[in-house]
Amino acid sequence: MAVFQPALASSWWQQDPPDIAQQLTSSPSFLGDGLSVYVELSIPLAAFWQKGVAWIEEKQSPSYSGVLQHLSVGEDSRRQLSHVGGCRLVQAALGEILQPSGQDPLLLLKTLQLLWTKQELGKLKEEIRRGFARLEDPLAGLLAMLESSGDWKGKGHSLGYCITTELQLWIKTHPAVAQSATKLKKLQARVLGMLSQCPANLLDPLISIYQLHTADRNCLLEHVSHLYLQGNYKEAAILSIKLKLQPDQDVEKMCTPLLLQDKANLVEDYVAEYPELQSKLLQTLDKWCDPSFNIRDIPRPYQGLSRYKPEKFNRRVLSKLVFRLLERFSIDPALCPNVINQRHLRTLNYLFYKRFVEKTMTEENWADHIQSTVGENRWLQGQLVQSLLRHCDARGAARWAQHCQVPPEMLPRAMAEELQKLHIQDRVEEATKADNYEASKKKDYYQIPISRENIHFLQTWEETLQCWEKVLQPGQVVGVDMEWKPSFGMVGKPRVALLQLALKDEVFLLDLPQLLKQAEAEGEKEKLPHFIQMLYSDTAITKLGYGMSGDLSSLAATCSLLKDMEKQMQGVVDLLAVDKQLQWGKNSRKVDGLSPEHSHEERGVRQPEKGLSLLVQHVLGKPLDKTEQLSNWEKRPLREEQILYAASDAYCLLEIYERLCKDPGSFGLGSDLTDSLVEKQSKKPRAKKQLNKQEAPSPSGQECQGPRTEPSGPPAPISPREFSVICDNMLQGLGRYLRCLGVDVRLLDNEDDHRKAAEIARQEGRVILTSGLPYQTLRSQVGEGRCFSVNCSKKAKEQALQVLKHFNVQVSLSDIFSRCQVCNCNKYLKVSRERMRQLVEGSRQTSREHSAGCPGSQSCDVTVPVCDAAQPGCVPHGQQAEGVEQCRAAKVLAGDTVLQVAAIPPRVLDRAELTNFYCCTCCGKVFWEGSHFGRVISQFQDVLVATEDTQSVYELS
């Protein structure tokens, strides 16, 4: 108990008012002893009051009215405070402020619930703060309120969340609330039992309030282990992340059930801050991807696991996860040899397809990639030998094995014998055959019209400076292209190995890796980026490209100083926009992409021209020879075929642009082509104004006249109902997400061959969504723009945003869940609640009858008809005719579809606000209006366009 010290009385009143009040109310004896001394010393209590009156008035409590009224009389009344009675009045008022009254937290909860119901949030927060001030133990009081109220257990904003966050703020201004170690330990034990039921938004406030990071670590680990043993794997992982317990846990044990439940995102978060755990997780995943490992053994310890998704737990999915983790955490791929070997094996298979089936890769190009893919890996060398035997006879396989430098001891006896029989004449004949083939190609493909000596390969800064002087000339037109080594699905973004700049009379090929290395050695690493920035930002120079966005992305990955290049572009013409107009415009003159002069035997599988090659054929009469497209562009020196290919790729842009400018009408384009193609990338008003005045010159140096118009924009916006896609089997998550948005989606099964996607796309007019190596094959089997490559390392939501942006699909609220998530149907039958109750009761009656006659039989669903009035897009916003549910209620839907009414819980039928159910007419799945509209919309807010639609969404039974 505090004891008053008279020696300190003379300065005591100068303290801050809260400190004085705390001492005044600390004990009766303190107050009694102190007041008598105050009277004797004549301490000017009026001065104390003058200092503290504002603090007391701020509390606005009726209990203080006596003091405030007493003080309002005037200065004489303040002097009366020197009297013991006046002091006792002050003590009573101040005691009301700091001395807890011991209010029952449950009574406070009732008051708060009333304000919450009335949605008076301002008064609610004020009452929460006052209530905590009156509680004897605010921390224990919060737990009592949470334990007696279950509203906080749901997702979204709740009263429990509001109370908790307000207490968190209140504690910051009231540090005296801190608990003793023993008492805090008891509170921590209580709150731990609640955390497994908490939504994510409550975890951090509760952990902060009860200082769980300071709790006994063994106790925390024991609690998490208990959650794990109960099968609450997700909750155990989330709590471990919040409390940073991962270093003391077994990463394989914690992450395995999460992967079985398709919670890879949570697994990523679990290891995100711990490099050692990242490595252990990757090694575990790589072990599972070993072909000799029985992956079916993994789920066996988790029999009965809820939400287990076997279709999501296979080597293909795990391999994708490995590459995503390697890229996200910048880990050396050598840590995962099994996954890397399998990816290399798929690359080998793709290269064999390009060389021996399509016959679209040259021998040197193919051999370069084979050697860089296989290297000295003994396992891959063995796979290479097997592939050679499948595609060639023993003699041909031996020749290729020698060319690819396969060690002789890796060869089967038959191949080794043939290898010894090879003669120089064989290679001479092969070379002669190749020369004849190269000569025949010249008449079939586009040939660059300038001489070889005007194609310059630049590796020094002295040579590059001469290039600058010629390129950076006002009025210049420059064809720009870039080349990089194909990644074949490996980790990391491609880095540009060659930058091609084509002028009217010459072409410059810049060896970017060498120039950047030289500039860095000289301490001037910004030289090359500066030149490129000058080129792209100069409005007086017209830059031509094809799909420039992808080129600039690779350029940014090569040099970080160029990451914002796309925002600085001025005077740029992307001929990809022209290509789209030629292929899909109203006046399109569709061309057959095949080169007629190539026989089936020469070209293997007949592949139509595509991309820039098709545009060159359309405008200039002959396609590009793309056999060097997939070259190893990082290998030096470049072969002559690579140099000619790179120069042709850039120079053909000049000829296309000139031809289109001279006669746009003959290609079905408007006369204002030149000005409509020049993109105005800068957002600065002055730059736009100057660009509007700039005439875009043709390659011949003459200006193309015509009225000024805005640049051609993205494709016309379409709704999800107008967009039909087929998703490859590695993009099933993307397909389900797009289906949620109302897109017409078909999904390939895991066992389906990728080429089935092209067959479905052609038959049903769908766009193919694929990724990685299959893209190269599938894009050639459908029309231009009908195959899109998705970034496989992204999550489904990010992939969907990429697809929607590319095809300009505008999603409105009415599109959400407008298709059945099970079967993709968009036609629904509306059934009233009362009619549905009858159907459910009929189903149960039938089930009981069946069970009595046939023990062990399953419950039966009910069949009802669909009327012709049923309209598409009924979930949630389709228009159903009233009375549809009155049609022949005991008969089968069209196509013998059975309504799955047995899945509807009885309590749902008792909800008074529920009026209708919506039943898929294809699979019979039943939907009904739910109360989670806000949560659903928040999941799709990034893809929604502005809309006035406020209809509800429906829960899936």
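Me: At what angle do helix α9 and helix α11 pack?

Reply: Keep in mind that this is a predicted model. The helices to look at are α9, residues 121-134, and α11, residues 159-173. Their axes lie 10 Å apart, and the packing angle is about 60°.

Me: Why does α9 count as oblique to α11?

Reply: The two pack at about 60°. Roughly perpendicular starts at 65 degrees and roughly parallel means under 35, so α9 falls into the remaining class relative to α11: oblique.

Me: Which residues of α11 make the contact with α9?

Reply: α9 passes α11 in a right-handed crossing. From α9 come Leu124, Lys125, Ile128, Arg129, Phe132 and Ala133. By class, the contact residues of the pair are nine nonpolar, no polar and three charged. On the α11 side, they are Leu159, Cys162, Ile163, Glu166, Leu167 and Trp170.

Me: Now the sheet with β9, β8, β10 and β11: which are its edge strands?

Reply: It's an open sheet of four strands with parallel pairing, ordered β9-β8-β10-β11. The twist averages 25° from one strand to the next. An edge strand pairs on one side only, which here picks out β9 (744-747) and β11 (787-789).

Me: And what residue in β11 stands opposite Thr770?

Reply: Strand β10 covers residues 767-770 and runs parallel to β11, with three bridges joining them. Helix α40 (residues 796-807) lies across both strands, at about 135° to β11. Opposite Thr770, the β11 residue is Ser789.

Note on methods
Residues are numbered from 1 along each chain as its sequence is written. This is a predicted model: local features need pLDDT of at least 70, side-chain atom pairs count only at pLDDT 80 or more; totals for chains, interfaces and linings use all residues. Side-chain values use heavy atoms; hydrogens and water are left out. Axes are lines fitted to C-alpha atoms, for helices over the stretch in contact, and angles run from 0 to 180 degrees between N-to-C directions. Angles under 35 degrees count as roughly parallel, over 145 as roughly antiparallel, 65 to 115 as roughly perpendicular and the rest as oblique. A crossing is left-handed if the near helix is turned anticlockwise from the far one by less than a right angle, and right-handed if clockwise. Contact means heavy atoms within 4.5 Å. Ala, Val, Leu, Ile, Met, Phe, Trp, Tyr, Cys and Pro count as nonpolar, Asp, Glu, Lys and Arg as charged, and the others, Gly among them, as polar. Two strands pair if DSSP finds at least two bridges between them.
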